[in-house]
Amino acid sequence: QVQLVESGGGLVQAGGSLKLSCVASGRTFSSYAMAWFRQAPGKEREFVAAISWSGVNTDYVDSVKGRFTISRDNAKNTVYLQMNSLKPEDTAVYYCAADVTGWRTTPSDNNQEYDYWGQGTQVTVSS
């Protein structure tokens, strides 16, 4: 069983920045691919970013490329999402997810590949 706890959400003006954190339980975090998804009201959950177990490989949805950065610290069992130049359309609940398959070098953008999910953290960007 893996527990994921997100933090760092909040209210920010357009153009501002936030950094989300997700702390995972478990002794094998370093083998997991990790991802961030988001869900806006009335919309389906959307892939945002993913990172391989080593941190070498990352993937982003086109709408956040150049603005968001996913990273991880395996010593702290934590994955981060640095969000810069935020836009009102980034408003959503952001979820952290873990793929416990292990040692996946190419992280997936498919939510069905992820086994565990956090409770979500709200990000609101005002115009």
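Strands here are DSSP runs of E with at least two residues, numbered from the N terminus. This is a predicted model, with local features needing pLDDT of at least 70, side-chain atom pairs counting only at pLDDT 80 or more, and totals for chains, interfaces and linings using all residues. Residues are numbered from 1 along each chain as its sequence is written, and side-chain values use heavy atoms, leaving out hydrogens and water.

**View 1. D90, tucked into a loop.** D90 sits in the loop between β8 and β9 (92-99). With 1% relative accessibility, D90 counts as buried (under 20% relative accessible area, with exposed meaning over 50% and partly exposed in between; 1.4 Å probe, protein chains only). Set aside the neighbours within four places in sequence, and D90 is in contact with R38, R67, F68, S85, V123 and V125 (contact means heavy atoms within 4.5 Å).

**View 2. An open sheet of four strands.** The strand order is β1-β3-β8-β7, and the pairing is antiparallel (two strands pair if DSSP finds at least two bridges between them). β1 (4-7) and β7 (68-73) are the edge strands, each with a single partner, so one side of each has no neighbour in the sheet. From one strand to the next, the twist averages 15 degrees (axes are lines fitted to C-alpha atoms, and angles run from 0 to 180 degrees between N-to-C directions).

**View 3. Bridges across the sheet.** Start with β1 and β3, which run antiparallel and are joined by four bridges; L4 has A24 of β3 as its bridge partner. Moving on, β3 and β8 pair over six bridges, again antiparallel, and here C22 is partnered by V79 in β8. β7 and β8 (residues 78-83) also pair in the antiparallel sense, over six bridges, with T69 opposite Q82 of β8. As for cover, five of the seven residues of β3 are buried.

**View 4. The largest nonpolar core.** This core has 29 residues, and M34, W36, L81, M83 and Y94 have the most contacts inside it (a nonpolar core is a set of buried Ala, Val, Leu, Ile, Met, Phe, Trp, Tyr and Cys residues joined through side-chain atoms within 4.5 Å). At least two core residues come from each of β3 (18-24), β4 (33-39), β5 (46-51), β7, β8, β9 and β11 (121-126).

**View 5. Around Y94.** Beyond the neighbours within four places in sequence, Y94 is in contact with a list of residues including E6, L20, W36, F68, L81, M83 and V123. A second, separate core of six residues includes F37, F47, A97 and Y114.
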